[in-house]
Amino acid sequence: MRTSWADLSANSAAENASSAPSVNKGRIGSTSAATRPAYVPPHLRNRPPSAVPAPAPVPAYSGPASNTVHGGSHWAGPRNEYRPGYGGGRGNRSGGWDRGREREVNPFAEDDETEQPFTEQENTGINFDAYEDIPVETSGDNVPPPVNTFAEIDLGESLNRNIQRCKYVRPTPVQRHAIPISLGGRDLMACAQTGSGKTAAFCFPIISGIMRGQPVQRPQRGARTAYPLALILSPTRELSMQIHEEARKFSYETGVRVVVAYGGAPINQQLRELERGVDILVATPGRLVDLLERARVSLQMIRYLALDEADRMLDMGFEPQIRKIVEQMDMPPPGVRQTMLFSATFPKEIQRLASDFLASYIFLAVGRVGSSTDLIIQRVEFVLESDKRSHLMDLLHAQRANGVQGKQALTLVFVETKKGADSLEHWLCLNGFPATTIHGDRSQQEREYALRSFKSGNTPILVATDVAARGLDIPHVAHVVNFDLPNDIDDYVHRIGRTGRAGKTGLATAFFNENNASMARALADLMQESNQEVPAWLSRFAARSSFGGGRNRRSGGGRFGGRDYRREGSMNRGGSDYYSGGYSSGGYGASSGGYGGGGYGPGVTSAWD
Ligand SMILES: Nc1ncnc2c1ncn2[C@@H]1O[C@H](COP(=O)(O)OP(=O)(O)OP(=O)(O)O)[C@@H](O)[C@H]1O
């Protein structure tokens, strides 16, 4: 049985380890070989005994003596050659699987058990042709060339097996470019459209790097302090949970252990998971700060830092927490750790802030920065506030009529406030449309239940605030309705990106009225950029509108935003060229109810965290 292999291989590899010469000299926190617990390299921890190579003499390791990544490569060591049985390293309980005590649950089996209301397989039908003509921009020194296939990248056998299990046949464009850059040890700021596979683009190099990297001896500071090697931060609990689930699949049987920590859930369970060992910690900032302050997590061994939705993580709401985590605790500085920032949108002001966290980084834009994918058909309809509900009802009736076997297609409806979400949900249910809701006033349990119920099709309508706008990968969302438009065009891009994912098509409808006049220009420009039909009335609004409201970055016309800010010479801060008025009304983190009340002050709960 697969799970027992872990124990056997752990024992056998541990025995091998004790007889092998150590190549683990001079690393951070290393101790003498005599006192070191036996090390089992991650890639061997879950192997069947037959797969464990004989304890061959270990060749002198020619790679770097530490994990520094100053423009160098992690790959100076022999490629394709794992080094079983070398001594020292990660024996204590804060890293890797707690061997002998725990069995790795097969995350793919969990998938099979989940109710599958839709017959279509998720990833087999990816339409790569949709990505053929996508423009790619890279800047920075010595950019590693892209690859065309996973086979060209040396990710390691067990990770490759998991890629197959995920049914990923080819890398998506962002993966083609980003993975070689990260494997080359380079810092990266990557911008690619929603649903284009960014999660795997940062997870694969991290998992592969940990599998192959120098073994680590965690400090003995406190038996209960966990020392992750990689930290992945994301802005919402649900997104962190999703990244955790994905990363567990990618790291299955690699021996790399992934743990998640997020707010709103009991901390004790998370503490227990951390105590069992952690290589990759996926977390929301608030809960992580809590764990750091309790000294239950130390960032001192971090080799890889990834910020998903990086622009959101560095906007006014989150920036102080992120600075605290990254700059004021014990995390190694840029250049020592490797840092990867990913998002579908990257305002230049945020790029400038983000550069504090990076060393000699490469900027990658796949598609235009902040653009939506052409796969999403965008419609904007002029609807007065008082008519919104009946208009939504018409859309839902039409959709039901076109539904497969009388089933309502999954529809995600975005509203501005938490109260608005509850009241719309109630009204929909009264009118025969099973709906549920997700927002910052709901308990975490309720939020998770709502999401599950939506995914399974039990309640095919989900009314949400912006808490569901970013990152969530819910298969089969056919329609996103912006019942209330956001104040920020980037939020619009992320919201509509919940459909039309992984090469599939989707539909997004926005209700627009005078209250949204400040968005007209940005919306019209975005639609034009994505080859959508812009209604004449919207163009008229756009021509009339001034740029006081949201972050209306499209004022210059033509190609927008698809740029590394370093190329622009000086920043045009506060000017009208880009995001004019961006930090004023409705700008970053200042949105009203949509963000669940902000929640950044003490005692205030945040929907984002
Ligand atoms: N190489 C691949 N082949 C097929 N499917 C893939 C591949 N890479 C990723 N996917 C699938 O594509 C979907 C979208 O991926 P992911 O959630 O990582 O997108 P994203 O770019 O992070 O989106 P967002 O900007 O909304 O966060 C997921 O269901 C994922 O499993």
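Let us start at the ligand, where one of its oxygen atoms sits 2.8 Å from an N or O atom in the side chain of R498. Keep in mind as you look around that this is a predicted model. In T199, an N or O atom of the side chain is 2.7 Å from an oxygen atom of the ligand, while in Q175 a polar side-chain atom lies 2.8 Å from a ligand nitrogen. How much of the ligand's accessible area does the protein cover? On its own the ligand has 640 Å² of accessible area, and the protein covers 97% of that.

Now widen the view to the residues around the ligand. There are 23 of them, and those that come nearest are Y168, R170, K198, T199 and D473. Sorted by class, this shell holds ten polar, seven charged and six nonpolar residues.

Next, follow a stretch of the chain that has a label in a record. An unreviewed UniProt entry annotates residues 148–176 as a short sequence motif, the "Q motif".

Let us turn to the aromatic rings. The structure has eleven aromatic pairs. Take F108 and Y252: their ring centres are 6.1 Å apart and their planes meet at 65°, and because an angle over 60 degrees counts as edge-to-face, that is the name for this pair. F108 belongs to helix α2 (residues 107–113), whereas Y252 is in the loop between α6 (237–250) and β4 (258–261), so the pair links distant parts of the chain, 144 residues apart. Are these two residues buried or exposed? F108 has 12% relative accessibility and therefore counts as buried, and Y252 is buried as well, at 2%.

A second pair, F382 and F541, is arranged as a stack, with 6.1 Å from centre to centre and 25° between the planes. F382 is in strand β9 (residues 376–382) and F541 in helix α17 (residues 536–544), so this pair ties together parts of the chain 159 residues apart in sequence. F382 is partly exposed, with a relative accessible area of 36%, but F541 counts as buried at 10%.

Finally, ring pairs join F150, Y168, F204 and F250 into a cluster.

Technical notes: Residues numbered from 1 in each chain as written. Predicted model: local features only at pLDDT ≥ 70, side-chain atom pairs only at ≥ 80, totals over all residues. Heavy atoms only, no water. Near = heavy atom within 4 Å. Polar contact = N/O pair within 3.5 Å; in protein donor to acceptor, adjacent residues only side chain to side chain. Areas by Shrake-Rupley, 256 points an atom, 1.4 Å probe, with all protein chains shown as cover. Nonpolar A, V, L, I, M, F, W, Y, C, P; charged D, E, K, R; others polar. UniProt positions renumbered as here; feature names shortened; annotations may be inferred. Phe/Tyr/Trp six-rings, centres within 6.5 Å; stacked < 30°, edge-to-face > 60°. Helix = DSSP H or I, 4+ residues; strand = E, 2+ residues; numbered from the N terminus. Buried < 20%, exposed > 50% of the residue type's maximum accessible area, 1.4 Å probe, protein only.
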